[in-house]
Amino acid sequence: MIFILLIILVCSIVVFLVYASSSIQAGIYVKSICSFAPYQGYSAKVEAENEKCLFLSFDDGPDPVQTPKILSVLEKYNIKALFFLIGEKIDKHEDTALSIIKAGHLAGSHSYSHNPYYPTWGYKRIKADLELGQKRIAELLSKSNNAPGTTIASNLFRPPFGVTNPPIARAIKSLGLQSIGWSIRSFDTKYDLSNRDERQKVISRICASLKPGAIILLHDRLECSHILLEELICAIEKEGYKINCKPSAELKLA
Ligand SMILES: [Zn+2]
């Protein structure tokens with residue numbers, strides 16, 4: 001009997017630890033902004049004309065092929081979005097990264113390496129990686145200074161894979177970063193976006209969870225992501241939501 005109780009206890013602890021590290025909304029290790037809805041207690045200044053306002057965020061760029069297509073669609077609909085950039089990709093595609101900022105979008109770091117083993121690293125290695133990622137964002141800021149009206153918030157950070165744990169939390173805190181999560185995960189990476197039915201599944205999934213202030217997680221590295229984006233914008237607007245708004249560069253938890 002004691003043996004069975006022990007197994008149940010161990011299993012419960014494992015389930016909790018997995019949940020705690022993989023659920024960015026739970027905020028067990030790191031408090032992340034996962035929505036800009038004022039009623040959720042955040043002090044983010046939101047340039048919203050009404051409450052039915054949504055935010056689009058794109059991870060894993062800059063991508064030299066897909067990101068410009070995404071930027072074209074956003075420009076067509078006069079939408080500003082959040083881009084979380086990988087430092088290594090900024091090194092390779094700096095012009096694309098600069099074009100994001102020069103178009104007036106808000107950019108933050110998505111780590112330097114986006115290494116798949118990053119959640120298993122120790123504090124020092126994680127901190128070094130995040131620090132380098134922030135440095136690349138800061139360099140972009142200084143290079144884009146000549147473009148009037150551009151803003152970049154160098155303290156914004158989206159944890160790769162949405163994973164947090166005690167070493168990651170310590171690194172985020174010591175670097176003074178503000179973690180930005182999401183309230184709607186599109187799972188766009190799991191679908192073939194060249195297929196209309198597959199895109200519709202992503203859109204239906206997102207539209208079923210729309211709420212004022214929601215932050216939608218998308219990726220600007222996927223083939224046909226710009227087609228998905230255009231269809232998504234139309235679907236969201238049909239639901240009476242506005243996406244033409246941008247959070248302030250100075251974000252912090254209340
Ligand atoms: Zn990512």
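Reader: Which residues in helix 2 and helix 4 meet each other?

Author: Two residues are in contact if their C-beta atoms, placed from the backbone, lie within 7 Å. Here Thr67, Pro68 and Leu71 of helix 2 meet Thr96, Ser99 and Ile100 of helix 4. By class, this contact of helix 2 with helix 4 holds three nonpolar, three polar and no charged residues; Ala, Val, Leu, Ile, Met, Phe, Trp, Tyr, Cys and Pro count as nonpolar, Asp, Glu, Lys and Arg as charged, and the others, Gly among them, as polar. The model is predicted: local features need pLDDT of at least 70, side-chain atom pairs count only at pLDDT 80 or more, and totals for chains, interfaces and linings use all residues. Residues are numbered from 1 along each chain as its sequence is written.

Reader: At what angle do helix 2 and helix 4 pack?

Author: Axes are lines fitted to C-alpha atoms, for helices over the stretch in contact, and angles run from 0 to 180 degrees between N-to-C directions. Helices (H or I, at least four residues) and strands (E, at least two) are DSSP runs, numbered from the N terminus. For helix 2 and helix 4 the angle is about 15 degrees, and their axes lie 10 Å apart. Helix 2 is therefore roughly parallel to helix 4; angles under 35 degrees count as roughly parallel, over 145 as roughly antiparallel, 65 to 115 as roughly perpendicular and the rest as oblique.

Reader: Is the crossing of helix 2 and helix 4 left-handed or right-handed?

Author: A crossing is left-handed if the near helix is turned anticlockwise from the far one by less than a right angle, and right-handed if clockwise. That of helix 2 and helix 4 is left-handed, whereas helix 2 passes helix 8 in a right-handed crossing. Helix 2 (residues 66-76) and helix 8 (residues 225-238) pack at about 20 degrees, with axes 8 Å apart. In that contact Gln66, Lys69, Ile70 and Val73 of helix 2 meet Ser225, His226, Leu229 and Glu230 of helix 8.

Reader: Which residues of helix 4 are buried?

Author: A residue is buried if 20 or more other C-beta atoms lie within 10 Å of its own, exposed if 12 or fewer, and partly exposed in between. In helix 4 (residues 94-102) the buried residues are Thr96, Ala97, Ile100 and Ile101. They cover an arc of only 145 degrees around the axis, and so lie on the same side of helix 4; the arc is that of the directions from the helix axis to the C-beta atoms. Their packing partners include helix 2, helix 3 (87-92) and helix 5 (123-143).

Reader: What does threonine 96 touch?

Author: Not counting residues up to four places away in sequence, threonine 96 touches Pro62, Pro64, Thr67 and Pro68. Threonine 96 has 21 other C-beta atoms within 10 Å and is therefore buried. Its C-alpha atom is 8.9 Å from that of glycine 61, 35 residues away along the chain.

Reader: Where is there a cis peptide bond, and which residues other than glycine have a positive phi?

Author: Most residues other than glycine have a negative phi, and most peptide bonds are trans. A cis bond joins glycine 61 to proline 62, with omega about 0 degrees. Proline 62 lies in the loop between strand 1 (55-61) and helix 2. Asparagine 78 has a positive phi near 55 degrees and is exposed, with 8 other C-beta atoms within 10 Å. Phenylalanine 161 has a positive phi near 65 degrees; with 15 C-beta neighbours inside 10 Å, phenylalanine 161 counts as partly exposed.
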